[in-house]
Amino acid sequence: MTFERLHEEPHAYLILAAMLLAVGIYGLIRRRTLIGMLIAGEIIFAAAALNFMAVNRFSAPDPTVGQVFVLFILGLAAAEVAITLSVIIAVYRNYRSVETHDLTELKE
Amino acid sequence: MNPFPGSSFIVPIAFLVFAGSTAVGALIAVKSARVIRSVAGLALCSIGLAGLFYFLQSPFLALMEILIYIGAVCVTIIFAIMLAEPDEPVQGRKTPGAFLWTACAFLVSAVIFVGMSRLSEQKSWTPPATRLTDGSVKAIGISLLTTYSLAFELISLVLLIAILGALVIARSGRSKS
């Protein structure tokens, strides 16, 4: 693995995707507001998309398959964001807060 | 004829810039205390990811990444930030369990990162013997309308239902007040 051919090494992309997944899971555990958790979830989606594209580029016989899948991932992420944000706004209207510490009505 | 000195480093340096902006953007998105900064980090991460898609021979997806993530997702999250007040709570409520919780989260993510990196290094990725298509936009369009036409229709239905559901959920509280 030399520096000049770094962009043609599949490991570089796969390790970056693993790093994105780890960062996303860290954020999902650590964030204390709903919007912060949503952003961490988006980073996990990005990790999946990068993984699909790396495998598609380096070992798939048909290079359109991975691109179509990543396109579907982008569409699903957009739908997920729309639903989640409307839920967050409804929660904020009822509780005046989007912190996860305050949303414990089922626990009490 | 001698090439321009250092010209062979332009492409790897561009790759490193995109990979670095992806990683730094993701870290900003997760670590920043103010949510507007973490949305900016998500946008930076998306720009880097679009550049990486370009390196992976898919300029179409690079364009789509910028269009959908920065143009739609980040803008929608910013709208929600304007409607709610989602900043992380200040340090006054810090409990002794918070440090333990952070260490636990860091441990889980470090284990996942090391495990998946080792897993991807163990296998050597062999390129396929023959490529069936060239992966151009024309080939994507053909496969979207032939092989994946059902999934294509279904995802348009999912988007439609998501829009309707978002409207219904976000509207329900308004009529009461």
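Chain A has a radius of gyration of 18 Å, taken over C-alpha atoms, whereas a compact globule of 108 residues would have one near 13 Å, the globule rule being 2.2 Å times the number of residues to the power 0.38. This is a predicted model, in which local features need pLDDT of at least 70 and side-chain atom pairs count only at pLDDT 80 or more, while totals for chains, interfaces and linings use all residues. Residues are numbered from 1 along each chain as its sequence is written, and chains are lettered from A and ligands numbered from 1 in the order in which they are written.

Along the principal axes, the C-alpha atoms of chain A fill a box of roughly 55 × 25 × 20 Å. The secondary structure of this chain comes to three helices and zero strands, where helices (H or I, at least four residues) and strands (E, at least two) are DSSP runs numbered from the N terminus. Of the 108 residues of chain A, 52% count as buried, that is, with 20 or more other C-beta atoms within 10 Å of their own, as against 12 or fewer for exposed and in between for partly exposed, with C-beta atoms placed from the backbone.

The contact between the chains takes 66 residues from chain A and 78 residues from chain B, two residues being in contact if their C-beta atoms, placed from the backbone, lie within 7 Å. On the side of chain A that touches chain B, the largest share, 25 residues, comes from helix 3 of chain A.

In chain B, V24(B) is found in helix 1 (residues 10-31) and is partly exposed, with 14 other C-beta atoms within 10 Å.
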